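Colleague: I would like to learn how to read a model of this kind from its domains down to a single residue. Could you take me through it step by step?

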Amino acid sequence: MSSALLWVVLPIAAGALMLLYRRKDDTPLYLALGLSAVLTWIAWQFPIDVVLQLGSVSFEITPTLVVLGRNFTLGETQRLLLTFMYAAQTFWLLGAFITRPGRLFPGLSLIAVGLFMAALAVQPFLYAALLLAAAVLVWVPLLVPAGRQPGRGVQRAIVFNLFAVPFILFTGWLLTGVEATPGNFGLVLRAGLLLALGFSFLLAVFPFHSWMPMLAQETHPYALGFLMFFLPSVSSLFLLSLIERYVWLRENPAVFQVLLAAGSLGVLLGGAWASQQRHLGRLLAFACMVATGGLLQAIGLGDATGLHTFFALLLPQAWVLWALSACLAVLARHTPSLQLEELGPALRQHPLLAFTSVAGLFALAGLPLLGPFAAHLAIWSGLGLQSVALLVLSLLGSLGLLAAGLRLLYAWLSAPAPAPQRGEPQARGDFANPYIWAFFIIWGVTLLGYGLLPSFLAPVQRLVLMFPQLLQ
Amino acid sequence: MSDFTGTFVVLLLLITALYMLVNQDWRWAIAALGIQYIWAFLLVIPSWPAELAVVKLVTGWIAATVLGLTRLNLPETPPASGSVPSGIAFRLLAAGLVVLLVLGAAPRLAEWSRAFDIYQAWGGLLLIGIGLMQIALRSGFFRSALGLLTLFAGFEILYAAVEASTLVTGLLAAVNLGIALVASYLLTAPTLEAEE
């Protein structure tokens, strides 16, 4: 059995089958959760390309699947990434029990993660652009559920994400020319420009970010959070693969400077806009923009330092974005809108979720003692060595996000307690919900634990082994 | 492809793309999209064997059919009156600018790339430019989908000259069909029964 069959074809097929399930119960969610957990466990426990003996039965997970003459390869070095991706998917599915993003969520999330993994597996890897575009298209029914009027945000999201495809595919063709004649400056410049445009669309880098806040006002926060976590994460891994593969990119300092500048601009603008938002959905979108900016900054640091920082940031950010999306989704179910002015009673009724949201925003801003702080510190140190101006921009962005968190905290603490209505039972708050308690404690302890002891997840740093050239 | 045939096909491509950009009736727009794929197919033929190139034609026709059938089941919306003539004039002007740009850029692109001929460069760039205009100047998912399909048809004419992978052909076909299906879903979503 090949790894791509297991981690790409199987989830896509299972997800497609789950879409056929018509009853309105949680069976697909349980099935998807089970499958995702099993795939995580297999990725964690079973080495790829090694013959394994189970009693009298021997089997092997081969790394390559050939489809229409091209390879889909997921080797031993990517096993940890598979574990991370499917663990993340498992948590997103777990969160669906309380957030209720829609009946199609289990099936479509499996298909989307299968497509994301296919994007990371396909050789030549520039074809990944097509698979990422397909994943975005697949996600549309969750962004606009049946019975809802679609807004302009979803239209713009589709258009911008599809625009990335021609740029990246054409780059692939130009890159073969660049490899043959690396001294041809004109060719290198054209390839670089196409590549920059393609990834700007894919990573929603300024000024191509506008679909995120627009969409955030129209759609379920959890469905949007899923897309805004997986898409930039996989796209930035795709970008890392590209830099790893081509010497002219890897050894060109200008590439890393552009990445640092683009990332810092994303952090600055995301943070500045976040501080001005009164709608929590839009705030989530700008927080994601800051998170993506941070990933770009980490890659822009270059060499092994950048690579280590990238993965040190990716993991806690994943944890925070998941929790933030889940909290917003639950709050959205108890309030007419996510406008801060109308959110007060829901925040008072759900103090644990309110606290988690505030802590999540503080963590993304890089507040000490919280998960992503160690990675932020590495980025700030690296930025300081290269450009003080970029460091200042980055810190201003973080301050903006911090201000957004403080504003949410103020909205929560200053909201009047909901008055009990005569004759109506008291609404069930967070404190009476054991699932919310469990979520809150596990999430908080993990975030704080990772912030205090960054070596806690040191084994995960083996993810850098996927990029041996960059690591040198 | 002879000079006469090449020029003729590019002209036909321009007419269908322009017609889609300016017209108000969705039925004729769908018909123009279907016909546009024939001309695009003829421009892919010099690069690919006909049996592979026909995939693009069939995919395009299926996408056009999906959009047409969806639109057929939706209530007719009368075109906004008053602004129509100026809208058409503006769109034609914008398309004229695209044509001028393409006339200048295509020969240099063909010469520089050495992968596609001048007719493929003209056809591909024209469709990309007019597709972009369609997305930017027309509102609604239906028109956006037409624009995206036109843009991708143009891109595929150029890309076919540099890449003949069966997997990419299949994935591009899937993306084209995906655009049509998603547009179809978005057009009908408000009329579907809500989940809860």
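**Domains, strands and contacts**

Modeller: Taken over C-alpha atoms, the centres of domain 1 of chain A and domain 2 of chain A are separated by 23 Å, where the domain bounds come from an automatic or database domain assignment. This is a predicted model, in which local features need pLDDT of at least 70 and side-chain atom pairs count only at pLDDT 80 or more, while totals for chains, interfaces and linings use all residues. Residues are numbered from 1 along each chain as its sequence is written, and chains are lettered from A and ligands numbered from 1 in the order in which they are written.

Colleague: Which residue ranges does the domain assignment of chain A give to domain 1 and domain 2?

Modeller: Domain 1 covers 1–123, and domain 2 is made of 124–416 + 431–471. The contact takes 25 residues from domain 1 of chain A and 32 residues from domain 2 of chain A, two residues being in contact if their C-beta atoms, placed from the backbone, lie within 7 Å. On the side of domain 1 that touches domain 2, at least two residues each are supplied by α3 (79–99), α4 (105–121) and β5 of chain A, and the largest share, 10 residues, comes from α4(A). Helices (H or I, at least four residues) and strands (E, at least two) are DSSP runs, numbered from the N terminus.

Colleague: How many residues on that side of domain 1 of chain A are nonpolar, polar and charged?

Modeller: The side of domain 1 of chain A that touches domain 2 of chain A divides into 18 nonpolar, 7 polar and no charged residues. Here Ala, Val, Leu, Ile, Met, Phe, Trp, Tyr, Cys and Pro count as nonpolar, Asp, Glu, Lys and Arg as charged, and the others, Gly among them, as polar.

Colleague: How should I read a sheet, and what is the order of the strands in the open sheet of chain A?

Modeller: Strands of a sheet pair through backbone hydrogen bonds, either parallel or antiparallel. Two strands are taken to pair if DSSP finds at least two bridges between them. In chain A an open sheet of 3 strands has the order β3-β4-β5, with antiparallel pairing, and its edge strands are β3 and β5, each of which pairs on one side only. Strand β3 (residues 64–67) is joined to strand β4 (residues 70–73) by 4 bridges, whereas 2 bridges join β4(A) to strand β5 (residues 122–123), with A:Phe72 standing opposite A:Val122 in β5(A). β3(A) and β4(A) form a hairpin with 2 residues between them, and A:Leu68 in the turn has a positive phi of about 50 degrees.

Colleague: Which strands of chain A are joined by 4 bridges at residues 51–54 and 57–60?

Modeller: Those are strand β1 (residues 51–54) and strand β2 (residues 57–60), which run antiparallel; the bridge partner of A:Gln53 in β2(A) is A:Ser58. The hairpin of β1(A) and β2(A) has 2 residues between the strands, and A:Gly55 takes a positive phi near 65 degrees there.

Colleague: Is A:Thr64 buried, exposed or partly exposed?

Modeller: A residue is buried if 20 or more other C-beta atoms lie within 10 Å of its own, exposed if 12 or fewer, and partly exposed in between, with C-beta atoms placed from the backbone. A:Thr64 has 16 other C-beta atoms within 10 Å and is partly exposed. A:Thr64 is found in strand β3 of chain A, and the bridge partner of A:Thr64 in β4(A) is A:Thr73. Not counting residues up to four places away in sequence, A:Thr64 touches A:Ser2, A:Asn71 and A:Thr73. The C-alpha atoms of A:Thr64 and A:Ala4, 60 residues apart along the chain, are separated by 6.8 Å.

Colleague: How many residues does the contact take from chain A and from chain B?

Modeller: The contact takes 30 residues from chain A and 27 residues from chain B. On the side of chain A that touches chain B, the elements that give two or more residues are α5 (128–143) and α6 (152–180), and α6(A) gives the most, with 9 residues. The residues of this side of chain A divide into 22 nonpolar, 5 polar and 3 charged.
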